[in-house]
Every structure is written in C-alpha cells, then in structure tokens.
Amino acid sequence: MSEKKHVQLDLIRRPRRLRQTQYLRDLVEETSLSPAQLIQPIFISDQEEPKLAIDSMPGMDCLSLGALKQECQTLIQLGVGGIALFPRIHPDLKCDSGREALNPDSLVYRALRELRASFPELTIIVDIALDPYTKHGHDGLVETGSQAPLNDETVELLVEMAVLAGQAGATMVAPSDMMDGRVGAIREGLDSNGFESVLILSYAAKFASAFYGPFRDAVRSVSLDSANAIDKKTYQLNPANRREALLEADLDEAEGADILMIKPAGPYLDIIREIRESTELPIAAYQVSGEYAQLMAAVEKGWLDLEACRNESLISIRRAGADLILTYFAKSFAESVAH
Ligand code: PBG
C-alpha cells in the first residue's frame, strides 16, 4: 500500500525544507571560510634543528630560519593569507629593558629581510611588544618588582620597533602590548620614516586571558625567575568588560589603525560582533594558543574530532563578524581544502 501518510501539523513554515540535501544547504550557506582569510602564526628561533616541537601545542613547531622559508613556500602554495612571526629569543639576549628588540640584526628582523627577499608579496605581520625580549616577560618596561609597565616610556620603544620592522620589510605591524596611545605614536613614527604604506593591525581588544599559556611556553616569555604565571591585568582588558573593549577599539580606530583585532576569539564572540557593528574597518580575531591546545588535547584523547571541531570553531569566529583570523589551524585547514 502506497497510501500517503497524513500530515499531522498544519505548518506554513518548515525550516527543514532548506536542509534536505547538501546542494540546498550549500545554496543557503551564510558564512564562508577560505585559506585566504587565515593567518598562520609561526614561532622562530636561532636553533640548529630545523624544527623543535612545542609541548603544549601538539602539531606546532618552533622553526629555524631555513625551515621558515620552506614553510612559507608551502603556505603560499596552499593559499594561506599570510603569516605572523613570533621570535623565541635566547635567554642570554634577554634583559629587563628588552634592548634586543632594538637590535636591527635581531632574529625577527633577519627573518623578515630573508623572507621579503624571497617572497615580495607575502603578507608578513610582526608583533610589536617587548615580552619576547624582557627577562620579566612583561610587554613593556617595568620598575623592579612592579607588574605595571611604564606607559609612555614603553610607547617610545614600540615606535622604534615598528620602524625597524618596517625597514626589514613587514607588511603589517601588530602592537599587542595594550599601552595607551601606541597606535597613534606608531603611525606617526612609521610615516615620518617613509613607511606610510606599512599597515597597523592593532590588538584593540586584548583581554587578560588565561588562554595565552601555551604561547608563553612557546616563546619562553614567562618570567625566568619564577614559575608563577605572569599578571598582565594592569594593561590587558578585564574579561568581564565589554564597554571598555568598545572604547579601546574606538581609540585605535581614531589613532589610525587599519585593522582592529579582538583576542582571544572563541570566548569573545560577542565582542567581535559588537565591534563589527561599531566600525567600518576590517576586523581580525586571534584564535589563541590555549584555544588550539584545548582542542588538540581532547583530540589526542580521542574525545573530539579534529577537522569538524576546527572548522566549526573557525566558521563561528567568521560568523561573529571577523574578516580574518589568526589561527594555528591555518595550514591544516588549507591542507584540508586543497584536495
Ligand atoms: C605578546 C603576545 C601574546 C600573544 C600574542 N602576542 C601573549 C601575551 O600577551 O602574554 C598570545 C598569543 C597566543 O596565546 O596564541 N604580547
């Protein structure tokens, strides 16, 4: 008997009609994700070995300059949108004032010059902050025993760092320090040195997050003197505050930032959405080391599916309003769509 089953509910709207086949689902998909929208953060150091594993970030390595070049070649072929460089500075080169940051032959500037010579159009982002270079691990100059960087003195150094990065070939400088007034000062410093086309990607709303732990392990920026977690609450935002995040974004826009970034990403999707609606500038989000590590840990235990959760986390950040995403998954996502 092929008698049709009686329809029970008298519904005009049946949203499931749009979800019946993959073709239909693709037709009405609202958000896209492509490798070109992703930036791969890369850790580098002066090391003999081409690659050194990072314990708290399974699948991520710290690269030698030779390996870095190869990696960039691969990322370009995969269509990844760019890279962000993070140097692991030798402990002997660290001091309380982070002087190595102003050495034109320091690791990150050497890496930049080499990459720029080989890849004229690659988007290379350089972080502007003192933490890889200071013994105490703070992003700025601090008086002994203090957890509060000196604002204006630090900004002066950040401007010099940005000019060195511009000279060495950076596409964008990314102040991640959260000092007041640094975006305007860096813009002026870049312009007066002939680098008016270097972009500023400002970490506009960077929260004092516990999700940065694995990154600090990767660049060894935690205090070398104590095992205690470093406290950056006098400059990074309180995770409880949204109005303050909007204010920071407004200030950075007024000071001349080209792109505004929110960081971390996953736990702050509401902030991404709000800033998306309060500016016409492009928005970036940084899916940070702890967001990566927690997923990788669950995957290692066999509790979550890597590809599915990776893609869901990234599409959610795009849906919230981010145009581009800094993510440790950039390469693996690009590989997964390449074939
Ligand atoms: C340093 C900096 C940090 C990150 C990017 N730049 C760490 C911090 O502020 O302590 C974190 C990135 C990550 O966790 O993936 N200014």
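Predicted model: local features only at pLDDT ≥ 70, side-chain atom pairs only at ≥ 80, totals over all residues.
I'll start with the helices. Two packed helices are described by the angle between their axes and the distance between the axes. The pair to begin with is α7, residues 243-254, and α8, residues 269-278. Their axes are 10 Å apart and meet at an angle of about 40°. That makes α7 oblique to α8, and the crossing of the two is right-handed. On the α7 side the contact is made by Ala 245, Leu 246 and Ala 249. On the α8 side, Ile 271, Glu 274, Ile 275 and Ser 278 take part. Sorted by class, this contact of α7 with α8 has 5 nonpolar, 1 polar and 1 charged residues.

Helix α8 also packs against α10. Here the angle is about 30°, and the axes are 8 Å apart. From α8 the contact takes Leu 269, Ile 272, Arg 273 and Arg 276. From α10 it takes Ser 316, Ile 317, Arg 319 and Ala 320. By class, the α8 and α10 contact divides into 4 nonpolar, 1 polar and 3 charged residues.

Next, the other partner of α10. Helix α10 covers residues 306-320, and helix α11 covers residues 330-338. They pack at an angle of about 110°, with 11 Å between the axes. So α10 is roughly perpendicular to α11. The crossing of α10 and α11 is left-handed. Which residues make the contact? From α10, they are Glu 307, Arg 310, Asn 311 and Leu 314. From α11, they are Ser 332, Phe 333 and Ser 336. The count for α10 with α11 is 2 nonpolar, 3 polar and 2 charged residues.

Now the ligand. There are 19 residues around the ligand, and those that come nearest are Lys 206, Arg 216, Lys 263, Ser 289 and Tyr 328. For Arg 216, an N or O atom of the side chain is 2.6 Å from a ligand oxygen atom. Tyr 328 also has a polar side-chain atom 2.6 Å from an oxygen atom of the ligand.

Last, the backbone. Most residues other than glycine have a negative phi, and most peptide bonds are trans. Where does the model depart from that? Lys 263, already mentioned as one of the residues that come nearest to the ligand, is joined to Pro 264 by a cis peptide bond. Omega for that bond is about -10°. Pro 264 sits in the loop between β8, residues 259-263, and α8. The other case is Met 178, which is not a glycine but has a positive phi of about 65°. Met 178 is in the loop that runs between β6, residues 172-175, and α5, residues 182-192.

That is the end of the talk.

Methods
Residues numbered from 1 in each chain as written. Heavy atoms only, no water. Axes fitted to C-alpha atoms, helices over the stretch in contact; angles between N-to-C directions. Helix = DSSP H or I, 4+ residues; strand = E, 2+ residues; numbered from the N terminus. Parallel < 35°, antiparallel > 145°, perpendicular 65-115°, else oblique. Left-handed = near helix turned anticlockwise from the far one by under 90°. Contact = heavy atoms within 4.5 Å. Nonpolar A, V, L, I, M, F, W, Y, C, P; charged D, E, K, R; others polar. Near = heavy atom within 4 Å. Polar contact = N/O pair within 3.5 Å; in protein donor to acceptor, adjacent residues only side chain to side chain.
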